[in-house]
Amino acid sequence: MIEIGLLPGIVHGGLRSGAFIGDYIIESVARALLDYHPVQIVDLREAGEAEPRPGEPDFLIRTRTLVVGDTASVSFLVYENGTNTLVLSQSMQTRQKDFYEDEFALTNQFVAQNVDHLAKIIGGTRDGPSGIRNDYSALIGYGVLAGMFDLDPGRMRATTEALDRLNERTENSLFPSLGAYASSFALGENIGGWDRARRERTEALAMDLLQANPFNSIALACIGHVMGFVLDRHDIAADIFGRAVRLNPMQAFVWDHLALHELYCGDLDRARAASDRAVNLGKYSPISYTYETTACMVATLSGDHARAVALGRRALLKQPRFNAAMRYTLAALGHLGERAAAQALGAELLRLDPGFGDRETREMRFRLPCREASAHVLEGIERAGF
């Protein structure tokens, strides 16, 4: 298991506010990492400047804050323990009040950015002179989500098999929640089989997880998505997403799936607010294109078709096989009357999903409970030439 040590923050000027900002950032990074995998967090701040033992922990993180008048600058620093090599340094500078406004929105964006950077560093570590231990299970939740959205059936099978093995070895709620989410994802992206038996297994797993009352925002978002998207229990999903956001408001994955929930329930204003936050928080995530796809969906249903096309194309540049991005971009192109672009995209979509040419199949792919929303996207698809 990867160990991460929290070092005391360095504060220059504005001692009280600077210390608070530094502690908020470093503790939020640690909490966000724990959502993805049970990394071990070692709090060394009470130990002062005492050096940890070589090799324990693997990484050390700290902040450096400078407060001058109304302006505050903060740096997030990551060191490889044993060598004391600085492997990450990210900074932001703004007015002090901007750190706290809009429920810490700007600060949480900085936190999410550093979580994604640190996760990439952890995932790329290897045994060597530094003594870092990586058995490739580090941040497994982070890697599993990225693996699902790779959209390869073989990798999806490997992912679900890995989750089954992890479920046998640990009682962490994250892994079975990701397993349930994998089923809902397979339904939405038409990967693998989906039948009544699989639905019943997914429902039973989601209900068991819900009764276990997990305190993990990623796990809750996975369960909420299954409840709403697969089982049409949007009332239960609303409560679950509310808990997930309160537990960890800097997780882009949580805001994104809250946005999807609001979209399915027909509240496009709330969907856009949550989606915008997900896009901002998840700029450096390996699955950032999924957040842009949700924003594309919201824009399409809101009639903002030019924005929808821009977002959809941005997502498809990163993941050309993402069916959801293709479907909604196609609908938006149809509404804009861009027939040539729509036909080219439609041909690629049919290559990946031949059944999409059938109207009944198209309705199932969109799974929009609101008739007006469903009619809007289907009209766009028809204008695109289907």
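**Exercise 1.** How far does helix H11 (residues 288–301) reach from its first C-alpha to its last, and which span is expected at 1.5 Å a residue?

*Solution.* The model is predicted. Helix H11 has 14 residues. With 1.5 Å a residue, the expected span is 20 Å. The helix reaches 21 Å between its first and last C-alpha, close to that expectation.

**Exercise 2.** Determine how enclosed H11 is, and identify the glycine just after the helix.

*Solution.* A residue is buried when its relative accessible area is under 20%. Of the 14 residues of H11, 14 are buried, so the helix is largely enclosed by the rest of the structure. Just after H11 comes Gly303, with a positive phi of about 85°.

**Exercise 3.** Carry out the corresponding analysis for helix H13 (residues 323–336).

*Solution.* The 14 residues of H13 should span 20 Å at 1.5 Å a residue. The end C-alpha atoms of H13 are 20 Å apart, which agrees. Because 13 of its 14 residues are buried, H13 is largely enclosed by the rest of the structure. Gly337 follows H13 and has a positive phi, near 75°.

**Exercise 4.** Where are Asn84 and Asp232 found?

*Solution.* Asn84 sits in the loop between strand S5 (71–80) and strand S6 (85–95). Its phi is positive, near 55°, although Asn84 is a residue other than glycine. With a relative accessible area of 48%, Asn84 is partly exposed. Asp232 occupies the loop between helix H7 (217–230) and helix H8 (234–247). Asp232 is not a glycine, yet its phi is positive, at about 60°.

Definitions and conventions:
Residues numbered from 1 in each chain as written. Predicted model: local features only at pLDDT ≥ 70, side-chain atom pairs only at ≥ 80, totals over all residues. Heavy atoms only, no water. Helix = DSSP H or I, 4+ residues; strand = E, 2+ residues; numbered from the N terminus. Expected span 1.5 Å × (residues − 1). Buried < 20%, exposed > 50% of the residue type's maximum accessible area, 1.4 Å probe, protein only.
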